[in-house]
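User: Please take a close look at a single part of this structure. Then follow what lies around that part, in plain words.

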Amino acid sequence: MTTTLITGANKGLGKETARALIAAGHTVWIGARDQARGRAAADELGARFVQLDVTDDASVAAALQTIEDSGTGLDVLVNNAGIAKRGDGMTEALDGPSVLEVFDTNAVGVVRVTEAALPLLERSGNPVVVNVSSALGSFWATHEPTRPASRFVSLVYGASKAAVSMLTVQYANAYPGIKVNAVEPGITATELGGGDPGSHPGRPASESAQVVARMAMIGADGPTGTFQEDQGELGW
Ligand SMILES: NC(=O)c1ccc[n+]([C@@H]2O[C@H](COP(=O)([O-])OP(=O)(O)OC[C@H]3O[C@@H](n4cnc5c(N)ncnc54)[C@H](OP(=O)(O)O)[C@@H]3O)[C@@H](O)[C@H]2O)c1
């Protein structure tokens, strides 16, 4: 039995990844900062719920303690929770506190949760970490004229996702026994950026979740230290 924790799984890509992994037989822990919304998603999907705010050390420590105490163990961690902050209109918020919040959630959050999860992951026979990054954080894609990421300016969110990608490479190097990969899920109609459901352009979250789920299900011979999208490997 494979047990998976997904952060920010009460909606959007995280919830759809949970749905796909449950269908594939995983025991899934829905990590969500809001009790009511997290529990509702877990009840709907047949998952377990754990309160987890990726910006809060105590919340992260308590969440991993809950999982340890439950006896499920932990084989797969999907670092999915992420935000983008809008300022006026469609532009990004560039004031210091907003920038810190984006980096705290998207990048520092990956370190907080991964560090707390490592002791459990190291007891798994096939430990896997999937970091949900973005082509907007790819130096390759932002220089490649055929890619949307080369035409869409994203100063803070993009930089925070570049940090997620480098954290992926560094964790993969630091822990050869754990497969750590980053994923670009594709442009997806979610509430990212704080809009209404589906206000972000893109394809349905259920479609984009497939590549996240695929990387969560890699076997012992799977890749590590790579950046993946639907079609395969993506340039850093
Ligand atoms: N949508 C896209 O086109 C796209 C493209 C590339 C990458 N991504 C990435 O995909 C991931 C999922 O985003 P999404 O598109 O599904 O957006 P979303 O619908 O806004 O979902 C984001 C999830 O993260 C959670 N979250 C935010 N801050 C958190 C915190 N401090 N602690 C715990 N959970 C927190 C949210 O919880 P609340 O409900 O409590 O806010 C929500 O469950 C993000 O990392 C995003 O950067 C998205």
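Analyst: A residue is called near a molecule or strand here if its C-beta atom, placed from the backbone, lies within 6 Å of it. Among the 30 residues around the ligand, the ones that come nearest are Gly8, Gly12, Ala81, Gly82 and Thr190. The model is a predicted one, in which local features need pLDDT of at least 70, side-chain atom pairs count only at pLDDT 80 or more, and totals for chains, interfaces and linings use all residues. Residue numbers start from 1 along each chain, following the sequence as written.

The shell around the ligand holds ten nonpolar, 14 polar and six charged residues. In this count Ala, Val, Leu, Ile, Met, Phe, Trp, Tyr, Cys and Pro are nonpolar, Asp, Glu, Lys and Arg are charged, and the others, Gly among them, are polar. Helix 1 (residues 12-23) contributes most to this shell, with three residues. Helices (H or I, at least four residues) and strands (E, at least two) are DSSP runs, numbered from the N terminus.

Helix 1 is also among the elements that cover the buried residues of helix 2, together with strand 2 and strand 3. Contact of this kind means that two C-beta atoms, placed from the backbone, lie within 7 Å. The buried residues of helix 2 (residues 35-45) are Gly38, Ala41 and Ala42. They line one face of the helix, because they fall within an arc of 100 degrees when seen down its axis. The arc is taken from the directions that run from the helix axis to the C-beta atoms. Ala36 and Asp43, on the other side of helix 2, are exposed. A residue is buried with 20 or more other C-beta atoms within 10 Å of its own, exposed with 12 or fewer, and partly exposed in between; the C-beta atoms are placed from the backbone.

Aspartate 57 belongs to helix 3 (residues 57-70). Having 13 C-beta neighbours inside 10 Å is why aspartate 57 counts as partly exposed. After helix 3 comes glycine 71, with a positive phi near 85 degrees.

The strands form an open sheet of eight, in the order 3-2-1-4-5-6-7-8, with mixed pairing. Strand 3 and strand 8 (232-233) are at the edges with a single partner strand each, so one side of each has no neighbour in the sheet. Strands pair if DSSP finds at least two bridges between them. Strand 5 (residues 128-132) and strand 6 are parallel, with five bridges, and valine 130 stands opposite asparagine 181 in strand 6. Strand 6 is covered on both faces: Lys179, Asn181 and Val183 are buried on one side, Val180 and Ala182 on the other.
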